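Please look through the sequence and the model together before reading on.

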Amino acid sequence: MKRAIFKMGENCVVTSQPSGEDAFKVSITKKWMDTDGDWNLPIESVRKKSTRKKATDGTKIHITQLRTEIRKQFKPTKSNFEEELKKEVSHLFAIIIEKGFTVKINSK
């Protein structure tokens with residue numbers, strides 16, 4: 001996951017709410033990525049969302065400041081990237097999706 005984040009963008013926030021555990025957030029900034037030798041990332045506790053819905057449990061990865069070559073792939077003039085991504089994800093994760101694993105692409 002770390003390598004994919006570094007290849008895609010320069011800032012990232014990973015928020016996780018494991019089932020039955022406290023929620024936390026880790027911010028990976030461009031400044032941190034540009035600093036050699038500092039592999040420590042502060043883990044920040046965040047307010048746990050309602051546990052009434054299982055949909056709140058899990059991990060969200062939000063990558064911003066996408067690299068130019070990645071940003072180009074999201075342009076509408078390229079093939080329908082979102083549809084192709086949905087097909088790939090549904091194929092690659094079919095078994096665990098059937099068991100209840102949820103993947104959201106653009107909040108859908």
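Leaving aside its neighbours within four places in sequence, which residues is serine 16 in contact with? The model is a predicted one, in which local features need pLDDT of at least 70 and side-chain atom pairs count only at pLDDT 80 or more, while totals for chains, interfaces and linings use all residues. Residues are numbered from 1 along each chain as its sequence is written, and side-chain values use heavy atoms, with hydrogens and water left out.

With those neighbours set aside, serine 16 is in contact (heavy atoms within 4.5 Å) with Asp22, Ala23, Phe24, Gly58 and Thr59. Serine 16 belongs to strand β1, a strand being a DSSP run of E with at least two residues, numbered from the N terminus. Its relative accessible area is 8%, so serine 16 is buried, a word used for values under 20% with a 1.4 Å probe and protein chains only. In β4, threonine 59 stands opposite serine 16, and the two side chains make a polar contact at 3.0 Å, that is, a pair of N or O atoms within 3.5 Å, one able to donate a hydrogen and the other to accept it.

Threonine 15 faces two strands, having lysine 25 as its bridge partner in β2 and standing opposite lysine 60 in β4. Strand β1 (residues 9–17) runs antiparallel to β4 (residues 58–66), joined by eight bridges, and antiparallel to β2 (residues 23–28), joined by five bridges; pairing requires at least two bridges found by DSSP.

The four strands form an open sheet in the order β3-β2-β1-β4, with antiparallel pairing. Because β3 (43–46) and β4 stand at the edges with a single partner strand each, one side of each is left without a neighbour in the sheet.

Methods: Buried < 20%, exposed > 50% of the residue type's maximum accessible area, 1.4 Å probe, protein only.
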